[in-house]
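Here is a walk through one protein structure, taken a piece at a time. Have a look at the sequence and the 3D view first, then read on.

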Amino acid sequence: QLDRGDTENEQSARGLHFMGQKDELIEAKRSFRTIDDRDILIIYHQGVFYAMDSYCYHAGGTLNNGDIEEINGKLCIICPKHKYKLTLAKGECLYKGTNPKEKPPVPRWYSKGVKQRTHTVKENNGEIYVKLSDNPNWIESDYYQGEKGKIERAKA
Ligand code: FES
């Protein structure tokens, strides 16, 4: 949480980017923003803000219009392109599979791990800020934020 009276410079020194007024972002429900060349989606759902890379890691689908569903107790955005399910909180990709060793095999939800980069949303005095993820590891959605990925998306 920001302290009252933080100046803009102090905020940006902490990596916080001003995204807009809270009530406007609530009203919009989905907001597209570009921070340092990174295209992100801010989602307001059931009283909570989330932020993630806006292009699906699988093939660059635009997540803005994806439906949100609870799957296995986790809220997920469903990519409109091929229906991959990405958790809002962590960017994990969930899929339904069966274990062939199980007799009879029962379909269950499994996680492919974190595939979509998620970012931190902070609120201060009715204003919303995003801090980009500083996870140094490659996360697959990074591809569509790079030059090559952006060209590929434009062609699709
Ligand atoms: Fe999102 Fe394929 S691009 S599921």
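## Strands side by side

Strand β3 (residues 38-45) pairs with β4 in the antiparallel sense, over six bridges. Two strands count as paired here if DSSP finds at least two bridges between them. The strands themselves (E, at least two residues) and the helices (H or I, at least four) are DSSP runs, numbered from the N terminus.

One of the bridge pairs is Ile 35 with Arg 38 in β3. The hairpin of β2 and β3 has two residues between the strands, and Asp 36 there takes a positive phi near 45 degrees.

This is a predicted model, in which local features need pLDDT of at least 70 and side-chain atom pairs count only at pLDDT 80 or more, while totals for chains, interfaces and linings use all residues. Residues are numbered from 1 along each chain as its sequence is written, and side-chain values use heavy atoms, with hydrogens and water left out.

## The whole sheet

Zoom out and you get an open sheet of six strands, in the order β1-β11-β10-β4-β3-β2, with antiparallel pairing. At its edges stand β1 (16-21) and β2 (30-35); each has a single partner strand, so one side of each is left without a neighbour in the sheet. From one strand to the next, the twist averages 30 degrees. That angle is taken between N-to-C directions and runs from 0 to 180 degrees, with axes as lines fitted to C-alpha atoms (for helices, over the stretch in contact).

## Charged pairs

How many salt bridges does a search of the whole structure find? There are nine, where a salt bridge is a side-chain nitrogen of Lys or Arg within 4 Å of a carboxyl oxygen of Asp or Glu. One of them joins Glu 92 to Lys 74, with the closest N and O atoms 3.3 Å apart. Glu 92 sits in strand β8 (residues 92-97) and Lys 74 in strand β6 (residues 74-78), so this pair ties together parts that are 18 residues apart in sequence. Glu 92 is buried at 14% relative accessibility, whereas Lys 74 is partly exposed at 36%. For these words, buried means under 20% relative accessible area, exposed over 50%, and partly exposed in between (1.4 Å probe, protein chains only).

Lys 115 and Glu 140 form another salt bridge, their closest N and O atoms being 2.7 Å apart. Lys 115 is in the loop between β9 (108-114) and β10 (118-124), and Glu 140 is in the loop between β11 (127-131) and α3 (147-155), so the pair links parts 25 residues apart in sequence. Lys 115 is buried, at 15%, while Glu 140 is partly exposed, at 33%. Then there is Asp 134 with Lys 131, at 3.7 Å between the closest N and O atoms. Asp 134 is exposed, with a relative accessible area of 62%; Lys 131 is partly exposed at 26%. Salt bridges that share partners also join Arg 38, Asp 53, Arg 117 and Asp 142 into one network.

## Two loop residues

Is Ser 141 buried or exposed? Ser 141, in the loop between β11 and α3, is buried, with 0% relative accessibility. Its side chain reaches the backbone nitrogen of Arg 117 at 2.8 Å. Leaving aside neighbours within four places in sequence, Ser 141 is in contact (heavy atoms within 4.5 Å) with residues including Asp 53, Tyr 55, Lys 115 and Arg 117.

Ala 59 lies in the loop between β4 (48-53) and β5 (67-71). Ala 59 is partly exposed, at 25%, and touches Lys 81, His 82 and Tyr 144, not counting residues up to four places away in sequence.

## Nonpolar cores

A nonpolar core is a set of buried Ala, Val, Leu, Ile, Met, Phe, Trp, Tyr and Cys residues joined through side-chain atoms within 4.5 Å. The largest has 14 residues, and among those that touch the most other members are Ile 43, Cys 56, Leu 63 and Leu 88. The elements giving two or more residues to this core are β3, β4 and β6. Apart from it lies another core, of ten residues, including Ile 40, Ile 128, Val 130 and Leu 132.

Notes
A polar contact is a pair of N or O atoms within 3.5 Å; within protein, one must be able to donate a hydrogen and the other to accept it, and residues adjacent in sequence count only if both atoms are side-chain atoms.
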